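This report goes through the helices, the salt bridges and the surface of one protein model. Terms are given with their cut-offs where they come up.

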Amino acid sequence: DRRTAPKAAYVNKACSRNLQYKAPKVKDFLSKINFDLQEAQGLLSLTQGGLSFYNASCQWIRENRNRWADWVSGATSCSAGYGLAAMTGAFLS
């Protein structure tokens, strides 16, 4: 009987309390990741079928580009205080 269980739970674990300063793009990526319970269970069920976690993850990534594409920042996106520079060192606008 799981009627007393919460409908949703927030699961989050990052390895650095200064991640936003040390790796802002990683922090941005991690903050965008979102799985619902059914989706997470489906991913885990792949490992029950004999796939390793690595191969299950690769399969999910190949089959679900529409889910994760927006989680990844564009190659030319910059964090506040950083910017793109030309080979001469001049900042680009």
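Helices (H or I, at least four residues) and strands (E, at least two) are DSSP runs, numbered from the N terminus. The model is predicted: local features need pLDDT of at least 70, side-chain atom pairs count only at pLDDT 80 or more, and totals for chains, interfaces and linings use all residues. Residues are numbered from 1 along each chain as its sequence is written, and side-chain values use heavy atoms, with hydrogens and water left out.

## Overall make-up

The protein has 5 helices and 0 strands, and along the sequence the pattern reads α-α-α-α-α. Of its 93 residues, 10% are buried. Buried means under 20% relative accessible area, exposed over 50%, and partly exposed in between (1.4 Å probe, protein chains only).

Contact means heavy atoms within 4.5 Å. Among contacts in the protein with a separation of 6 or more, 41% are between residues 24 or more positions apart. The accessible surface comes to about 8300 Å², and carbon and sulfur atoms hold 56% of that surface. These areas come from the Shrake-Rupley method with a 1.4 Å probe; for residues, only the protein chains shown count as cover.

The structure holds 2 salt bridges, a salt bridge being a side-chain nitrogen of Lys or Arg within 4 Å of a carboxyl oxygen of Asp or Glu. One of them joins the side chains of Asp28 and Lys32, at 3.1 Å from N to O. Both residues lie in helix 2, 4 residues apart, which is about one turn of the helix. An α-helix has 3.6 residues a turn, so residues three or four places apart point the same way.

Asp28 counts as partly exposed because its relative accessibility is 26%. Lys32 is also partly exposed, at 30%.

Glu39 forms a salt bridge with Arg67, with 2.8 Å between the closest N and O atoms. This pair links distant parts of the chain: Glu39 is in helix 3 and Arg67 in helix 5 (residues 65-68), 28 residues apart.

Is Glu39 buried or exposed? Glu39 has a relative accessible area of 17%, so it counts as buried. Arg67, at 27%, is partly exposed. Leaving aside residues up to four places away in sequence, Glu39 touches Asn34, Trp60 and Arg67.

## The faces of helix 3

Helix 3 has 12 residues and reaches 17 Å from its first C-alpha to its last, close to the 16 Å expected at 1.5 Å a residue. The expected span is 1.5 Å times one less than the number of residues.

The buried residues of helix 3 are Glu39, Leu43 and Thr47. Seen down the helix axis, they fall within an arc of 100°, so they line one face of helix 3; the arc is that of the directions from the helix axis to the C-beta atoms. Their cover includes helix 4 (53-63) and helix 5. On the other side of helix 3, Leu37, Gln38 and Gln48 are exposed.

## Nonpolar surface patch

Val26, Phe29, Leu30, Ile33, Phe35 and Val72 make a nonpolar surface patch of about 440 Å². Patches are made of residues with over 30% relative accessible area and no salt bridge: like charges are joined within 9 Å, nonpolar side chains (Val, Leu, Ile, Met, Phe, Trp, Tyr) within 5 Å.

Where is Ile33 placed? Ile33 is in the loop between helix 2 (24-32) and helix 3 (37-48). Ile33 counts as partly exposed because its relative accessibility is 30%.
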